[in-house]
Amino acid sequence: MIEENYKIKNKIVPLVVYCQKGNEDTNLHNHMDFEIILIKKGRARVQVSGQHYEVQAGDLIFINPMEIHSVTVDKQMDFEHACMCFDCCMIMDEVLADALKGEKQRVRHVVTSKASGAEELARLVEQIVECDRSNSPYMKMEMISYVSLLFVRLLKCGYVERYQKESKSVLFTAKVLRYISENYSRQITSKEAAEALGYDQSYFCRNFKKNFHACFSDHLNMYRVAVARILLEEGSETITQVAASCGFRTPAHFSACFRKYVGILPSAYRSGNEKKVNTDKETGQNT
């Protein structure tokens, strides 16, 4: 799955922080890690396990392990958010960590800016972001402390709940996402996916379009591009190798899909990321 690739970015602790500006949507996906999103500017529509939420600046989104989710940004205004994904082992309370991983308990999906404890929760998220930027020699201990304090606050506010049984739609989506994450590097079709998962092809395609709002091939290519972006940022493979490892038939097909979903060619994306990395290094040396 994709999270296995982005964990490479932080070798000190199993936690990765992203702070992003821009109106780019996040397609339906899931992963084993716990995810927290703090909306800093703008509005968005969030889908988590088949439930839809309208969120805005100051709101917090909590996505439990393996929950299927997406974020659709309101394009009429600027959007900015902080996002972090981490393994539940970051939580000091092993009983709670196991309950979250075992889908026995979950955190409420959305805590609005005016809800009880929201201000303190947002402050703890900001502290984790700052800790990630600091490269402190005590980063691991600090991050574990902040994450654990955050869950103490969630427990005190009553935001940790018993897990509810998932609907058929959510279970279908989870099975499909797992299949794609395990087979995207091969040449797969909707017929092959339907047979592998035990569905009639017409039923599979109809439900896929209903849940993902795209046909199977389009979503598969979006997933492949998402993986390709991570590989391009790592820079260890050539563009041709990235195309092959992500399941694209040819480098030309890869470039066309990448441009369709990202807006630029893979070569330009890699070049822009290399410039950003060099700028960050220079900034770090000057501080």
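What follows is a dialogue on reading strands, helices and single residues in a predicted model.

Me: How do strands make up a sheet, and what is the strand order in the open sheet of four strands here?

Reply: Strands of a sheet pair through backbone hydrogen bonds, and the pairing is either parallel or antiparallel. In this model, the four strands of the open sheet are ordered S2-S7-S4-S5, and the pairing is antiparallel. Strand S2 (26–29) and strand S5 (51–56) are the edge strands, each pairing on one side only. From one strand to the next, the twist averages 20°.

Me: How many bridges join S2 to strand S7?

Reply: Two bridges join S2 to S7 (residues 69–73), and these strands run antiparallel.

Me: Which strands does S3 pair with?

Reply: Strand S3 is joined to strand S8 (residues 80–86) by seven bridges, running antiparallel. S3 also pairs with strand S6 (residues 60–63), again in the antiparallel sense, over four bridges. Isoleucine 36 shows both pairings: methionine 84 stands opposite in S8, and phenylalanine 62 is the bridge partner in S6.

Me: Is strand S3 mostly covered or mostly open?

Reply: Mostly covered: six of the eight residues of S3 (residues 34–41) are buried.

Me: Now the helices. At what angle do H6 and H7 cross?

Reply: An angle between 65 and 115 degrees counts as roughly perpendicular. The axes of helix H6 (residues 190–197) and helix H7 (residues 201–212) cross at roughly 105° and come within 9 Å, so H6 and H7 are roughly perpendicular to each other.

Me: Which residues make the contact between H6 and H7?

Reply: From H6 come Ser190, Lys191, Ala193, Ala194 and Leu197, and from H7 come Gln201, Phe204 and Cys205. By type, the residues of this contact divide into five nonpolar, two polar and one charged.

Me: Where do the buried residues of H6 lie around the axis?

Reply: The buried residues are Ser190, Ala193, Ala194 and Leu197. They cover an arc of only 100° around the axis, which puts them on the same side of H6. The buried residues of H6 pack against helix H5 (168–183), H7 and helix H8 (216–234). After H6 comes glycine 198, with a positive phi near 80°.

Me: Which residues other than glycine have a positive phi?

Reply: Among them are serine 49, with phi near 50°, and histidine 213, with phi of about 55°. Serine 49 lies in the loop between strand S4 (43–48) and S5, while histidine 213 lies in the loop between H7 and H8.

Me: Are serine 49 and histidine 213 buried or exposed?

Reply: The cut-offs are under 20% relative accessible area for buried and over 50% for exposed. At 7%, serine 49 is therefore buried; at 61%, histidine 213 is exposed.

Definitions and conventions:
Residues are numbered from 1 along each chain as its sequence is written. This is a predicted model: local features need pLDDT of at least 70, side-chain atom pairs count only at pLDDT 80 or more; totals for chains, interfaces and linings use all residues. Side-chain values use heavy atoms; hydrogens and water are left out. Two strands pair if DSSP finds at least two bridges between them. Axes are lines fitted to C-alpha atoms, for helices over the stretch in contact, and angles run from 0 to 180 degrees between N-to-C directions. Angles under 35 degrees count as roughly parallel, over 145 as roughly antiparallel, 65 to 115 as roughly perpendicular and the rest as oblique. Contact means heavy atoms within 4.5 Å. Ala, Val, Leu, Ile, Met, Phe, Trp, Tyr, Cys and Pro count as nonpolar, Asp, Glu, Lys and Arg as charged, and the others, Gly among them, as polar. Buried means under 20% relative accessible area, exposed over 50%, partly exposed in between (1.4 Å probe, protein chains only). The arc is that of the directions from the helix axis to the C-beta atoms.
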